[in-house]
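Reader: Hello! I am new to this structure and would like to learn how to read it. Could you walk me through some of its features?

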Amino acid sequence: MPTELHVTAEARPECLRPLRDIAGSIASEAGLSSVQVYAVKFCVSEAVANVVKHAYPEGEPGSVEVSAHEAGGELAVVVADHGSGRVEQANRLDEGGFGLAFMTRLTDGVTFTAASDGTTVEMLFPLSGGEVRAATRHHLGAGKPECTSPPP
């Protein structure tokens, strides 16, 4: 069975690590090398951090979705939000931090789609030898990772 993941969490800093770790587990089960798994985890961390920082006005709740699926010899990993974000920032990779630049170098391809109703980042990672390897099916659709609030 092909690998599949879909999880939704609150866009809060304490949710970054659980989302990164879930994506890393899926990448490992899909047959990616340890170096590729690290790249997946790094890229998901950067994308989720951008959601936490830019997608929603400070103090307003919002969600971040992480999904993954096998597609044509690659693992497609998608991080999406439904915030207002900053459309102009997603279209200019040469400004700001280094996270977006690293994401373009660590993936087989990355697509940023920014609109008034949210931003989507799709990252492609090649599967071993270009072959799709059957792995345990994960579907966490309604599940949310454990993210605890920091003490007041």
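Author: Gladly; let us begin with accessibility. A residue is called buried under 20% relative accessible area, exposed over 50%, and partly exposed in between, using a 1.4 Å probe and protein chains only. This is a predicted model, in which local features need pLDDT of at least 70, side-chain atom pairs count only at pLDDT 80 or more, and totals for chains, interfaces and linings use all residues. Residues are numbered from 1 along each chain as its sequence is written, and side-chain values use heavy atoms, with hydrogens and water left out.

Reader: Is Asp21 buried, partly exposed or exposed?

Author: Asp21 counts as partly exposed because its relative accessibility is 32%.

Reader: How are helices named, and how should I read α1?

Author: Helices (H or I, at least four residues) and strands (E, at least two) are DSSP runs, numbered from the N terminus. The expected span of a helix is 1.5 Å times one less than its number of residues. Helix α1 covers residues 16-29, 14 residues in all, and reaches 20 Å from first C-alpha to last, close to the 20 Å expected. Just after α1, Gly31 takes a positive phi of about 100°.

Reader: Which residues of α1 are buried?

Author: The general idea first: an α-helix has 3.6 residues a turn, so residues three or four places apart point the same way. In α1, the buried residues are Leu16, Pro18, Leu19, Arg20, Ala23, Gly24, Ile26 and Ala27.

Reader: What do the buried residues of α1 pack against?

Author: Here contact means heavy atoms within 4.5 Å. The partners are β1 (4-10), α2 (34-55), β2 (63-71) and β3 (74-81).

Reader: How many salt bridges does a search of the whole structure find?

Author: A salt bridge is a side-chain nitrogen of Lys or Arg within 4 Å of a carboxyl oxygen of Asp or Glu. The search finds four. Asp21 meets Arg20 in one of them, at 3.2 Å from N to O. Asp21 also forms a salt bridge with Lys41, where the closest N and O atoms are 3.8 Å apart. Since Asp21 lies in α1 and Lys41 in α2, this pair ties together parts that are 20 residues apart in sequence.

Reader: Which residues are linked in a network of salt bridges?

Author: Those are Glu10, Arg12 and Glu14. Between Arg12 and Glu10, the closest N and O atoms are 2.4 Å apart. Arg12 counts as buried at 19% relative accessibility, whereas Glu10, at 38%, counts as partly exposed.
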